[in-house]
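In these entries I record, step by step, what I looked up in one protein chain. I began with paired charges and then moved on to strands and rings.

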Amino acid sequence: MIRKRAAGSEPRQRKCKLRRFTAAFLTLTLFFSFPAGAEAKSRQEEYIQVGLKYGSSAVNECVLKSDDGFQVVNITEDGPEDTLPLPAYREIVASVENGTIVIRDPDGTMLVSDMGTTGALMPLDYEDGDGTVVYSGTEYRDGIRLTVYKGSAMNVINYITMDHYLYGVIHGEMSQSYPLEALKAQAVVARSFAGQNRTHAKDGFNVCSTTHCQVYKGFAGEYPKTTQAVDETAGEMMYSEGEIVQAFYFKNSGGHTQNSEDVWSAKEPYLRGVKDEYSPDYSWSATMTFEQIKSRLEAANYSPGTVESVAITGHNSAGAVSELTVKGSGGTVTLKKESVRTVLGGSDIKSTMFVLKNGSAGGSMAQTPDEIYATNGSSTKKTGSTLYVLSSSGSAKKTEIEDICITDGSSTASADGAGKSGETVSIVTDGKVVFEGKGYGHGIGMPQDSAIKMAQEGMDYEEILEYFFTDIQIR
Ligand SMILES: [Zn+2]
């Protein structure tokens, strides 16, 4: 079945580019020519499912309100299938009795005695595209799907067309005050993310409504400009080798994005680290005592004992920290890739683009493959291809960088001055460590700060996306 085009959305369509009409016409032509195998629906009319309450948050009772009355529907692969209109009711109460969902009016009169283990309640006029349902104080477009959870509770899911969902998502991830082309890039990223994401398949829906997936605020999260960004990219997603890409994004790259395998594990051809010439400066600093580091490691089930030293022991090709080694009385803990942030805390360690400094002595020992610092405790010298060794009196002796060893007094690690990554570069041993970094987020995909900068400089959303996602097609 195909839903008739929403009357309320016609003015929005008029604002679309001419080629959107062409695409829509072709889609319809294909549908009527090959109804069985072809793409039966334009993508913006396909339904997705947004988990609102589920699992341990599943509810025993669900009160729904709609100004228009309700339509009970079955959910099929082709979309909603009407089963029972309830035009006279503005408020209904769903609960689970004997393993099946039942619907009553607010006075307790039974309206539907056996909805089965799943079904949805739509506003009566949902086919016009304008209806909303209020659940728990929040207004949602389209309907609410209920699914029995563990026999007596219900998962509550917003059953909604893709673009209605996107209307309520964009501003939560990128403020509507930013340039339209950046919002359009965000819209294509958000649509691809929702179209590809399968992490909640086990929960019975596509995406959740929190930062875990994408922040979604329902109808109240809609703004004219973000709606325009969704409409002007209607149906568009990013593809690589015929598959929808995993469209990751984050706040700030610190000057270079990351290869997917350098952060997590899977290597994706379109998630390549790129030098980011548009990244606005975002610097951060976090100070941690060895005691704090110990407790965060223990919270992640490591047993370092009393922490004795913290060292960066590897960099990746983008210059980010790929390995952090903590030595303690109970053993050595090595954190790799994104676990540096997830174990020590991503709100403190905002990115893996950082150097270490001693927190209390005021001195520093830090080096990246092309920046080497040497210090005598009171002054610090940065070198390029040569190294200066400072004596305690401050005199400098120039030397070639062939073999650098850094020691914490008990053990020695070597670094390669030729700029090879993966070497020990910084050790902090005095009880408190300062992480000084740039960038914010995991570093994979599109940095939103850069997308905004590029749009301000006049680039369009396709140029922005093609800069950060390698060899993709947008369609
Ligand atoms: Zn999620």
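**Entry 1: charged pairs**

I note at once that the model is predicted. Arginine 296 lies in helix α8 (residues 290–299), while aspartate 348 lies in the loop between α9 (339–344) and β21 (354–358), so the pair ties together parts that are 52 residues apart in sequence.

I then asked how accessible the two partners are. Arginine 296 has a relative accessible area of 26% and is therefore partly exposed. Aspartate 348, with 29%, is partly exposed too.

My next pair was glutamate 436 and lysine 357, whose side chains meet in a salt bridge at 3.2 Å, N to O. I placed glutamate 436 in strand β30 (residues 432–438) and lysine 357 in strand β21, 79 residues apart, so that this pair links distant parts of the chain. I recorded a relative accessible area of 33% for glutamate 436, which is partly exposed. Lysine 357 counts as partly exposed at 28%.

I also looked up glutamate 97, which forms a salt bridge with arginine 104; their closest N and O atoms are 2.7 Å apart. A network of salt bridges links Glu181, Lys184 and Glu232. How many salt bridges are there by this rule? I noted a count of 14.

**Entry 2: the sheet around β30**

I returned to β21 and β30 and found them in an open sheet of three strands, in the order β17-β30-β21, with antiparallel pairing. The edge strands are β17 (283–289) and β21, each of which pairs on one side only. From one strand to the next, the twist averages 20 degrees.

Five bridges join β21 to β30. I looked for the bridge partner of lysine 357 in β30 and found valine 434. Helix α8 packs on the sheet and touches β17 and β30; its direction makes about 90 degrees with that of β17.

**Entry 3: a hairpin**

I turned to strand β18 (residues 307–315), where eight of nine residues are buried. β18 pairs with strand β19 (residues 321–328) in the antiparallel sense over seven bridges. Glycine 314 stands opposite glutamate 323 in β19. The two strands form a hairpin with five residues between them, and glycine 319 in the turn has a positive phi of about 90 degrees.

**Entry 4: aromatic rings**

I noted 10 aromatic pairs in the structure.

I then found phenylalanine 354 and phenylalanine 435 in an edge-to-face pair, with 5.2 Å from centre to centre and 75 degrees between the planes. Phenylalanine 354 belongs to strand β21 and phenylalanine 435 to strand β30, 81 residues apart. Both phenylalanine 354 and phenylalanine 435 are buried. Ring pairs also link Tyr140, Tyr165 and Tyr216 into a cluster.

Last, I looked for charges over rings. Lysine 350 lies over the face of tyrosine 440, at 5.4 Å from the ring centre. Arginine 475 lies over the face of tyrosine 239, at 3.8 Å from the ring centre.

Methods. Residues are numbered from 1 along each chain as its sequence is written. This is a predicted model: local features need pLDDT of at least 70, side-chain atom pairs count only at pLDDT 80 or more; totals for chains, interfaces and linings use all residues. Side-chain values use heavy atoms; hydrogens and water are left out. Buried means under 20% relative accessible area, exposed over 50%, partly exposed in between (1.4 Å probe, protein chains only). Helices (H or I, at least four residues) and strands (E, at least two) are DSSP runs, numbered from the N terminus. Two strands pair if DSSP finds at least two bridges between them. A salt bridge is a side-chain nitrogen of Lys or Arg within 4 Å of a carboxyl oxygen of Asp or Glu. Axes are lines fitted to C-alpha atoms, for helices over the stretch in contact, and angles run from 0 to 180 degrees between N-to-C directions. Contact means heavy atoms within 4.5 Å. Rings of Phe, Tyr and Trp (its six-membered ring) pair if their centres lie within 6.5 Å; planes under 30 degrees apart count as stacked, over 60 as edge-to-face and the rest as tilted. A charge sits over a ring if NZ of Lys or CZ of Arg is within 6 Å of the ring centre and within 35 degrees of the ring normal.
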